[in-house]
Amino acid sequence: EKVEFIEYFSHVIDRFEMHKDQKNEFKRLLTEQSLYVWIDKDKITQVLDNIISNSIKYSPEGGTITLKAETMKKQLLVSITDQGMGMPSDTVDKIFDRFYRVDKARSREVGGTGLGLAIAREIIESHHGQIWANSQEGKGTTVFFTLPLINQKRRKRK
Ligand code: ATP
Ligand code: MG
C-alpha cells in the first residue's frame with residue numbers, strides 16, 4: 001500500500017517511547033517533507049521493531065538512540081544508531097545471516113534466535129531496498145536501510 005513514511009515511522013517510534021521503563025533516550029531526525037513509499041506496512045513494521053529492539057537490547061547502559069529518515073539518490077534512507085556495545089568490525093556483515101549472533105555467551109543473556117535481521121534483510125530486499133550496518137565495538141551500531149520512493153513531484157518545465 002502507499003504510505004507516507006515519516007508519519008508512519010513517527011507512530012512506530014511513539015509506540016516504543018510509550019514503554020516507560022526505557023533507559024534509552026530517543027532522538028528523531030526526520031525530514032520535513034512527505035516521503036511516499038509503496039510498502040507492506042506489517043512487514044516493514046517487523047523490520048523496524050527488530051532493529052529498534054536490538055538497539056535497546058544491545059545497549060545495556062542506555063544512551064541515545066537516533067532515528068533518522070532522509071532522502072538519498074531518490075531513495076528513502078533510514079538509519080537507527082545506538083551507543084551500545086557494538087561489535088567487532090569483521091562481524092558486522094554476518095549479523096544478517098540466519099542464526100548468527102555475535103559472541104554467543106554474551107548474547108545468550110539477552111535472548112533471541114538470531115533471526116531478526118535475516119528476516120529484515122529478506123523483507124527489505126523484497127521491497128527492492130538494501131540493508132547494512134556499521135559498528136564499533138564498545139561504541140555503538142548503526143543499521144541502515146533504503147526503500148524506493150514513489151516519485152511525487154512532476155518536474156516543472158523550464
Ligand atoms: P532475534 O532478533 O531473532 O530475537 P537477535 O536479536 O539475536 O535475535 P538479530 O536481530 O538477527 O538476532 O541480530 C543478530 C546479532 O547481531 C545479535 O545477536 C547481536 O549479536 C548482533 N546485533 C544486532 N543488532 C545489534 C546492535 N544494535 N548492537 C550490537 N549488536 C547487535
Ligand atoms: Mg533481534
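Which residues does Phe9 touch, not counting residues up to four places away in sequence? In this predicted model, Phe9 is in contact with Leu30 and Ala69.

**Phe9 and helix α1**

Phe9 belongs to helix α1. Phe9 has 21 C-beta neighbours inside 10 Å and therefore counts as buried, since the cut-off for burial is 20 or more. Another residue, Pro60, is 51 residues from Phe9 along the chain, and the C-alpha atoms of the two are separated by 24 Å.

**Helix α2**

The length of α2 can be checked by simple reasoning. At 1.5 Å a residue, the 17 residues of this helix should span 24 Å, and the C-alpha atoms at its ends are 23 Å apart, which agrees.

Several residues of α2 are buried: Ile44, Val47, Leu48, Asn50, Ile51, Ile52, Asn54, Ser55 and Ile56. The elements against which the buried residues of α2 pack are α1, β2 (24-30), β4, β5, α4 and β7. Ile51 gives one example in detail: leaving aside its neighbours within four places in sequence, Ile51 is in contact with Ile80, Ala120 and Val143.

Gln46 also lies in helix α2. With 15 C-beta neighbours inside 10 Å, however, Gln46 counts as partly exposed. Residues up to four places away in sequence aside, Gln46 touches Ile119 and Ile123. Gln46 and Ile123 are 77 residues apart along the chain, yet their C-alpha atoms are separated by 8.9 Å.

**The largest nonpolar core**

In soluble globular proteins, nonpolar side chains tend to be buried together. The largest nonpolar core of this model has 27 residues, and the members that touch the most others are Val47, Ile51, Leu76 and Ala120. Two or more residues of this core come from each of α1 (5-18), α2, β4 (63-72), β5 (75-82), α4, β6 (131-136) and β7 (140-148). The element that gives the most is α2, with 6 residues.

**Strand pairing**

| Strands | Bridges | Sense |
|---|---|---|
| β2 and β4 | 7 bridges | parallel |
| β4 and β5 | 7 bridges | antiparallel |
| β6 and β7 | 6 bridges | antiparallel |

Lys27 has Thr66 of β4 as its bridge partner. For Ala69, the partner is Val78 in β5, and for Ser135 it is Thr141 in β7.

In a regular strand the side chains alternate between the two faces of the sheet. In β6, Ile131, Ala133 and Ser135 form a covered face, while Trp132, Asn134 and Gln136 form an uncovered one.

**The two hairpins**

Between β4 and β5 the hairpin has 2 residues between the strands. Lys73 is not a glycine, although its phi is positive, at about 50 degrees. Lys74, likewise not a glycine, has a positive phi of about 65 degrees.

In the hairpin of β6 and β7, 3 residues stand between the strands, and Gly138 takes a positive phi near 80 degrees.

**The surroundings of ligand 1**

How many residues surround ligand 1? There are 22, and the closest are Tyr58, Arg101, Val102, Gly112 and Gly116. The elements that give two or more residues to this shell are α2 (41-57) and α4 (116-126). By type, the residues of the shell divide into 9 nonpolar, 11 polar and 2 charged.

**Summary**

Terms used:
Residues numbered from 1 in each chain as written. Chains lettered and ligands numbered in written order. Predicted model: local features only at pLDDT ≥ 70, side-chain atom pairs only at ≥ 80, totals over all residues. Near = placed C-beta within 6 Å. Helix = DSSP H or I, 4+ residues; strand = E, 2+ residues; numbered from the N terminus. Nonpolar A, V, L, I, M, F, W, Y, C, P; charged D, E, K, R; others polar. Core = buried A, V, L, I, M, F, W, Y, C linked by C-beta atoms within 7 Å. Buried ≥ 20, exposed ≤ 12 C-beta atoms within 10 Å, placed from the backbone. Contact = placed C-beta atoms within 7 Å. Expected span 1.5 Å × (residues − 1). Pairing = 2+ DSSP bridges.
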